[in-house]
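Here is a briefing on aromatic contacts, surface and strand pairing. Look at the structure first, then read on.

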Amino acid sequence: MYSKDGETYFIVDAHIALWDARPENRLNIHGKQFIDCFYDYHRNLGPESELWPYEEFLYQGGERLMRDLFDDGYVDHAIFQPAHLGAFFRNGFGQTEEAFALAQRYPDKLTYNHCWDPRFEQAGLDQLRDDAERFGLKGCKLYTAEWQGDSRGYKLNDPWSYRYLETCQELGIRNIHIHKGPTIRPLDRDAFDVADVDKAATDFPELNFVVEHCGLPRLEDFCWIATQEPNVHAGLAVAIPFIHTRPRYFAQIIGELLYWLDEDRIQFSSDYALWTPRWLIERFVDFQIPEDMTEYAPLTVEQKKKILGLNAAAMYGIEVPENLDVAERAVA
Amino acid sequence: MSTEPLEQAARAALDEVFDPELDEPITDLGFVSSLEVTHSGNVTVHLRLPTSFCAPNFAYLMVSDAKDVLSALPQAREVVVVLDDHHDSDRINRGVAADAGYRGTFGEEAAQDLDELRSTFRRKAHTAAMERVLTILLRSDPDLTEEGLHEVTLGDLPEAPTTRALLRRREALGLSRARTEKVLVDDHGNPHPREEIPLHLRFARSVRVSIEGNAHFCRGLLRTRYPDSTHDQAPHAQAGTYAGARNDRGDTP
């Protein structure tokens with residue numbers, strides 16, 4: 001929880017990872033290129049006081065994660081959103097066993113979401129059923145640009161994707177997080193195009209689709225879809241650190257999101273360990289739309305409370321202390 | 001014979017090569033890491049990008065466009081354009097050197113040619129350019145309403161870089177540049193109904209925010225990856241829709 005100026009905020013960090021990008025876990029040059037790219041994000045968008053040495057950035061381990069998020073970081077609950085990246089890392093990038101063990105140890109603080117890949121077809125579908133039971137899955141994270149053999153990505157509306165989504169619906173895995181971000185592979189078949197979310201969101205109205213990185217750099221495509229599909233949400237991972245380097249640009253992103261979506265469908269994420277949550281939370285609470293940007297309304301405390309935690313808590317059924325819930329307070 | 005005239009011509013030619021997604025010249029973005037010309041007229045250019053994972057289709061476009069504009073220089077003899085530090089560097093460099101074309105370079109992975117991609121980003125660049133000029137107009141005239149923008153024609157726009165940028169984007173889309181043409185139009189040059197103007201302006205704004213945001217990202221990442229690129233980057237020519245936007249933090253690393 002974070003308190004400032006007499007207001008207390010319940011914090012859910014909706015997108016974190018426990019990754020291992022140390023040399024012994026890398027399969028090839030792409031593993032190094034991938035973590036180096038992350039490290040450039042870390043160095044470019046974070047404040048200097050929050051920068052880690054490269055070696056520390058490669059792997060954090062559970063103890064440090066708990067400290068960064070919960071002791072230093074004001075977070076009340078965090079959700080693992082692992083990227084597997086099996087073509088780059090020997091034992092995967094996201095550390096399934098370690099993260100799950102941690103979530104079992106601190107069930108009130110951590111939720112473990114797992115990942116699936118429709119290109120494993122029936123075998124992957126059987127695995128998904130096992131995983132859903134073992135991990136008690138409420139959500140999953142999809143990385144549609146993941147490499148696999150000759151394939152450089154898949155779409156959410158591919159036939160096998162639909163079978164997986166049907167299975168999610170059946171198993172009660174209601175929250176589908178999709179990484180859509182700056183374009184990497186594949187080629188003309190753009191894996192981060194958000195149009196496939198539109199189709200899936202229409203056909204699976206019972207599922208929630210959280211578009212991570214809010215579709216940047218295709219914010220307008222994402223907003224257009226989210227305006228029409230009430231079950232499409234925005235995850236602020238990678239967008240929120242602009243609050244430091246480019247506050248006016250961040251004002252425009254959040255202004256656009258509030259205009260096209262609404263305050264109930266935006267979720268805070270630090271994207272740990274790209275960034276630690278502490279400074280992001282402090283700055284977001286202090287943040288205001290610059291006065292000369294008259295096309296955007298000022299951010300209210302209630303909106304900040306929803307974005308920082310209440311929205312994700314509602315989606316995941318995370319219990320919020322009674323006096324901290326906006327809706328309940330409004331009723332009372 | 002001095003190599004300087006050719007070097008200047010080569011640099012000017014590269015100013016016309018744009019990153020399709022960011023809608024800015026690769027020279028301003030700092031993507032040109034070196035340019036060498038020899039007395040005999042050979043030109044060698046090295047390009048660099050903000051991450052190893054920058055989209056290979058965009059990377060290919062920029063490398064092959066650079067080769068095209070340089071090869072078109074009458075003084076140039078052999079032209080070599082090299083992309084460094086990209087996960088597909090070898091493939092792209094080989095393909096461009098052999099003039100193999102996009103499909104010839106990537107084979108099966110490239111199901112279609114790049115024209116569609118290029119035109120998508122031309123449309124986006126035009127949309128963003130419309131929003132920039134109209135937002136400036138709205139801010140400068142308190143009596144002008146958003147719906148009132150329906151009447152605004154190209155002839156009403158001030159002589160300014162943003163206006164010239166819009167005219168260039170219209171030209172790229174094959175739209176008329178006549179002074180009587182409406183400013184806020186669809187991709188085919190047709191005006192929208194008056195009551196729909198606020199919605200279309202709003203959508204154009206999110207397109208502009210999207211493109212500029214991506215440019216912030218890419219410029220910053222390039223500086224982080226190649227600290228010496230800082231002095232190669234020129235400020236965004238069309239940003240600054242807001243008074244004082246140049247004072248944004250982050251223009252310098």
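The charged end of Arg202(B) sits over the ring of Tyr259(A), 3.8 Å from the ring centre. A charge counts as over a ring if NZ of Lys or CZ of Arg is within 6 Å of the ring centre and within 35 degrees of the ring normal. This is a predicted model: local features need pLDDT of at least 70, side-chain atom pairs count only at pLDDT 80 or more, and totals for chains, interfaces and linings use all residues. Residues are numbered from 1 along each chain as its sequence is written, chains are lettered from A and ligands numbered from 1 in the order written, and side-chain values use heavy atoms, with hydrogens and water left out.

**Charge over ring, and surface**
- Lys305(A) lies over the face of Tyr9(A), 5.8 Å from the ring centre.
- Leu199(B) lies in helix α8 (residues 197-225) of chain B.
- Leu199(B) is partly exposed, at 36% relative accessible area (buried is under 20%, exposed over 50%, partly exposed in between).

**Aromatic pairs**
- Over all chains there are 37 aromatic pairs (Phe, Tyr or six-membered Trp rings with centres within 6.5 Å; planes under 30 degrees apart are stacked, over 60 edge-to-face, the rest tilted).
- Trp52(A) and Tyr272(A) pair edge-to-face, at 6.1 Å centre to centre and 75° between the planes.
- Trp52(A) is in the loop between α1 (29-45) and α2 (54-58) of chain A, and Tyr272(A) in the loop between β10 (266-267) and α11 (277-286), so the pair ties together parts 220 residues apart in sequence.

**Strand β3 of chain A**
- In strand β3 (residues 12-16) of chain A, 5 of the 5 residues are buried, so the strand is largely enclosed by the rest of the structure.
- Helices (H or I, at least four residues) and strands (E, at least two) are DSSP runs, numbered from the N terminus.
- β3(A) pairs with strand β4 (residues 77-80) of chain A in the parallel sense, over 3 bridges (pairing needs at least two DSSP bridges).
- Val12(A) stands opposite His77(A) in β4(A).

Methods
Buried < 20%, exposed > 50% of the residue type's maximum accessible area, 1.4 Å probe, protein only.
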